[in-house]
Amino acid sequence: SSLMSAPAPPRIAIIGAGVIGLTCALHLARDHGYDVTVYDECDPLAQTSTKAAAYWMPYLSQGEGLLSDAEITYQWLKGLYKGEGSKFILAGKAKRIRGDMSLPDWDPIVRGHLKQEEGKITYTFDTYLVETNECLEWLSSKIKLAKGKFIQERVTPARLVELMQDYDCVVNCVGYYAKELTGDPLLELRQGILLFYEKDTIVKALGLNTQQDLEYLPLIISDGTTKQPTYLMRHKYNWILGGSAFPEVRAVDGALIEDIKERTSHLWPGLQGLARLPDPIKYTSGLRPVRNPLRLEVDSVHGNLVHNYGHGGSGWTLAWGCALRTYALVSSVLTKRKAKL
C-alpha cells in the first residue's frame, strides 16, 4: 500500500497590502493553513493604512455586523498590546468632544464616561493607538512565517479576471482603488491629512518645561462637533495634529496647515500655543474609502471573488473582525467549488 499525500491547501489571492489585506492574509495563512499570496503594486509601508491616525474608534463606517467587528478588533489590539505588539501599540485614554449627552452606539465595547467639563461635553474611553509602519511590518513578517507570499504588481480589472481563473478564491481588499477595479458606484473618498511634530516642538509651543509635563493630556483628544475632524494625539515618536475628511483631493498648502493648527489649538484649554507651531516635520495625505454599507460579501457575478473594502476611517478599528468574517465567506466559496467537482 502507498501513503496518500495530503491534499494541497486552497490557493487564495489577496489584493491589497494595507491593514485590511494583511490581517485577512494572516488569518487565512496562519490560522487556517491556506496558501496565500498578497498582490499590491506598493510595499505595505506605502499604503493608505500608514497615513491613518490609527487608533481604535469607529468613524465613517456603516453596515451590519460592524459593532461585532469593532469589538473583536478591540480585543485583538488589547491582546497584541499585552504581548508581542507592545512595541507598536500604545494604550491610553481618548477624550472625544460630543455635541450632546448621548452615548456612542459602540459604548458597550469600552464602557466610557460621559460628562460636562471645561464647557464641553466629553466622552472618555480606553483605546489603543497603533504605530502603523511597525505593525504592518509585523503583519508581513507573520504572513511570511506562515508561508504566505508577496507579489508587487498592480492588479488591473483584466488581471483580476486572470487571478480568479488561477486561484481558488480572490479577496479584494484594495480600499478606494476598488472604484477603478470594480467600478463600484457606492464608493466615495474622504481625504485625511495629518501633521507630524517632534515632541520637543510641542513642549515648546505649549510653554512647558519637559516632555513629562505633557502627561496631563490624554493619549488622544478629538472633536466630533467640528465640520472637519479635529484631533491631537501622541504617538510613540511624534505628536500628530489632524485632520480632514474632504470629499475630494486637495493640495496640502500653507493655508490648510494653518487651519489644522488653529483648530487643534481650540480643542482643549492650554493648547492655544499649537496655533503658533512652525511647519510640521512631515505631513501625510490618505484617501479613506467610504461606502454605505461597507462591502464584505461574495461577488454576485464572480463566485470565487470576495470583497472586503469601504471601511471609511475605521480600517484599524474593524480589521481583525472583518478578517474573521472574510474567512467565513472564503470557506463558503471553497465549499461550493468543491461540491461542483
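Where does Leu60 lie? I found Leu60 in the loop between β2 and α2; helices (H or I, at least four residues) and strands (E, at least two) are DSSP runs, numbered from the N terminus.

**Entry 1. Basis**

I worked on a predicted model, in which local features need pLDDT of at least 70 and side-chain atom pairs count only at pLDDT 80 or more, while totals for chains, interfaces and linings use all residues. Residues are numbered from 1 along each chain as its sequence is written, and side-chain values use heavy atoms, with hydrogens and water left out.

**Entry 2. Backbone exceptions**

I noted the background first. Most residues other than glycine have a negative phi, and most peptide bonds are trans.

Leu60 is not a glycine, yet its phi is positive, at about 55 degrees. I looked up its accessibility: Leu60 is partly exposed, at 29% relative accessibility. The classes are buried for under 20% relative accessible area, exposed for over 50% and partly exposed in between (1.4 Å probe, protein chains only).

Arg111, also not a glycine, has a positive phi of about 50 degrees. I located Arg111 in the loop between α3 (107–110) and β4 (113–117). With a relative accessible area of 58%, Arg111 is exposed.

I then turned to the peptide bonds. The bond from Asn292 to Pro293 is cis, with omega about 0 degrees, and Pro293 belongs to strand β12 (residues 282–298). The bond from Gly242 to Gly243 is cis as well, with omega near 5 degrees. Gly243 is in the loop between β11 (238–242) and α8.

**Entry 3. Arg263**

I followed Gly242 and Gly243 to a residue that touches them. Arg263 has contacts with Gln228, Pro229, Thr230, Gly242 and Gly243, residues up to four places away in sequence not being counted; contact means heavy atoms within 4.5 Å. Arg263 is placed in helix α8 (residues 254–265). Is Arg263 buried or exposed? Its relative accessibility is 16%, so Arg263 counts as buried. I also checked Asp223, which is 40 residues from Arg263 along the chain; their C-alpha atoms are separated by 9.6 Å.

**Entry 4. Helix α5**

Which residues of helix α5 (residues 157–166) are buried? I listed Arg159, Leu160, Leu163 and Met164. They cover an arc of only 145 degrees around the axis, and therefore lie on the same side of α5; the arc is that of the directions from the helix axis to the C-beta atoms. An α-helix has 3.6 residues a turn, so residues three or four places apart point the same way.

On the face turned away from the buried side of α5, I found the exposed residues Ala158 and Gln165. The cover over the buried residues of α5 includes β1 (11–15), β2 (35–40), β7 (169–172), α6 (178–182) and β13 (305–311).

**Entry 5. Helix α9**

I compared the length of helix α9 (residues 315–340) with expectation. Its 26 residues should span 38 Å at 1.5 Å a residue, and the end C-alpha atoms are 35 Å apart, which agrees. The expected span is 1.5 Å times one less than the number of residues. I also found a kink of about 35 degrees in α9, centred on Gly321. The bend at a residue is the angle between axes fitted to the seven residues ending there and the seven starting there.

**Entry 6. Aromatic pairs**

How many aromatic pairs does a search of the whole structure find? I recorded 12. Rings of Phe, Tyr and Trp (its six-membered ring) pair if their centres lie within 6.5 Å; planes under 30 degrees apart count as stacked, over 60 as edge-to-face and the rest as tilted.

Tyr34 is buried, at 11% relative accessible area, whereas Tyr327 is partly exposed, at 24%.

Tyr81 and Tyr128 form a tilted pair, 5.8 Å centre to centre with 50 degrees between the planes. Tyr81 is in helix α2 (residues 66–82) and Tyr128 in strand β5 (residues 120–130), so the pair ties together parts 47 residues apart in sequence. Ring pairs link Trp56, Tyr74, Tyr81, Trp106, Tyr123, Phe125 and Tyr128 into a cluster.
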